[in-house]
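Subject: Structure handover

Hi,

Here is the structure for you to work with.

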Amino acid sequence: MTRNKFNVSYPVIYLVCDQDYFKYLYCFLHFLDKNVTNKQVFIHFINIEAREAESLISKFKFIKNYSLEKEELNNKNTKTALAPFSPLRHSNTMFVHSPITKSFGKLYSEKEAYCANIRFVKIVDFLNTFENDLIYIDVDNIINKDISELYSKLQHADLIVTPC
């Protein structure tokens with residue numbers, strides 16, 4: 001499939017999606033399509049098969065480009081606790097959503113930490129490659145109205161943070 005260039009007159013909506021969030025991506029894109037007039041999307045896929053990505057992209061023509069990344073990530077929290085947290089807080093068998101962790105906070109797995117933080121590296125890469133402004137949105141959100149008001153705000157600031 002030939003990738004389309006981005007229109008520089010409005011921002012690119014940037015998404016990061018791994019296999020666990022792929023199920024939310026279709027819903028996100030559906031509501032984006034339904035509610036936003038001027039839209040163009042870049043998706044960074046983590047551990048998604050190329051055929052799955054291509055199948056989704058063929059349904060939503062406003063996805064102009066994407067990247068695929070394969071990364072072996074552990075779903076368990078395997079890192080030792082850092083001060084001031086006690087080593088008792090750490091266990092190699094403790095999953096992020098374990099009932100045990102509810103009593104003292106969430107322990108992040110390598111996969112969760114990677115997927116939450118890789119966006120910052122990839123966004124810098126995107127901004128160094130393309131001329132567009134960028135809006136980052138988590139794929140487990142639903143867009144229920146046109147977000148074009150954000151587009152004009154980007155003309156007056158380098159960084160904008162807004163509640164969903």
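**Ground rules**

This is a predicted model, so local features need pLDDT of at least 70 and side-chain atom pairs count only at pLDDT 80 or more, while totals for chains, interfaces and linings use all residues. Residues are numbered from 1 along each chain as its sequence is written, and side-chain values use heavy atoms, with hydrogens and water left out.

**Fold**

The protein chain has four helices and four strands. Helices (H or I, at least four residues) and strands (E, at least two) are DSSP runs, numbered from the N terminus. Along the sequence the pattern is β-α-β-α-β-α-β-α. The chain has 164 residues, and 38% of them count as buried. Buried means under 20% relative accessible area, exposed over 50%, and partly exposed in between (1.4 Å probe, protein chains only). Contact means heavy atoms within 4.5 Å. Among contacts between residues at least 6 apart in sequence, 63% join residues at least 24 apart.

**Aromatic pairs**

The structure holds twelve aromatic pairs. Rings of Phe, Tyr and Trp (its six-membered ring) pair if their centres lie within 6.5 Å; planes under 30 degrees apart count as stacked, over 60 as edge-to-face and the rest as tilted.

Take Phe6 and Phe126. Their ring centres are 5.6 Å apart and their planes are at 65°, so the pair is edge-to-face. Phe6 sits in the segment before strand E1 (12–18) and Phe126 in helix H3, so the pair ties together parts 120 residues apart in sequence. Both Phe6 and Phe126 are buried.

Now Tyr14 and Phe42. Here the centres are 5.2 Å apart and the planes are at 15°, so this pair is stacked. Tyr14 belongs to strand E1 and Phe42 to strand E2, so the pair links parts 28 residues apart in sequence. Tyr14 is buried, at 1% relative accessible area. Phe42 is buried too, at 8%. One aromatic cluster takes in Phe6, Tyr14, Phe42, Phe126 and Phe130.

**Single residues**

*His44.* This residue is in strand E2 (residues 41–46). It counts as buried, at 1% relative accessibility. Its side chain makes a polar contact of 2.6 Å with the side chain of Glu69. A polar contact is a pair of N or O atoms within 3.5 Å; within protein, one must be able to donate a hydrogen and the other to accept it, and residues adjacent in sequence count only if both atoms are side-chain atoms. Setting aside neighbours within four places in sequence, His44 touches Tyr14, Leu15, Val16, Cys17, Ser67, Glu69 and Lys122.

*Asn47.* This one is in the loop between E2 and helix H2 (50–59). Its phi is positive, about 60°, although it is not a glycine. Most residues other than glycine have a negative phi. Asn47 is partly exposed, at 26% relative accessibility.

*Phe62.* Look in the loop between H2 and strand E3 (63–69). Phe62 is buried, with a relative accessible area of 8%. Its C-alpha is 9.0 Å from that of Asn38, 24 residues apart along the chain. Beyond its neighbours within four places in sequence, Phe62 is in contact with Leu29, Leu32, Asp33, Lys39, Gln40 and Val41.

*Cys115.* This residue lies in helix H3. It is buried, at 14% relative accessible area. Cys115 and Ile46 are 69 residues apart in sequence, with 7.8 Å between their C-alpha atoms. Ile46 is also among its contacts, with Val16 and Asp18, once neighbours within four places in sequence are left aside.

**Largest pocket**

The largest pocket holds about 1000 Å³ of space. On a 1 Å grid over the protein atoms alone, a pocket is an open set of points where a 1.4 Å probe fits, with protein on both sides within 12 Å along at least five of seven lines; lining residues have an atom within 4 Å of a point. Grid points are joined across faces, edges and corners, and the volume is the space filled by probe spheres set on the points.

The lining of the largest pocket has 29 residues, and the closest to the centre are Ile135, Tyr136, Ile137, Leu150 and Thr162. Helix H3 (110–129), strand E4 (134–136) and helix H4 (148–153) are the elements that give two or more residues to the lining. H3 gives the most, with five. By class, the lining has 19 nonpolar, three polar and seven charged residues. Ala, Val, Leu, Ile, Met, Phe, Trp, Tyr, Cys and Pro count as nonpolar, Asp, Glu, Lys and Arg as charged, and the others, Gly among them, as polar.

Best wishes
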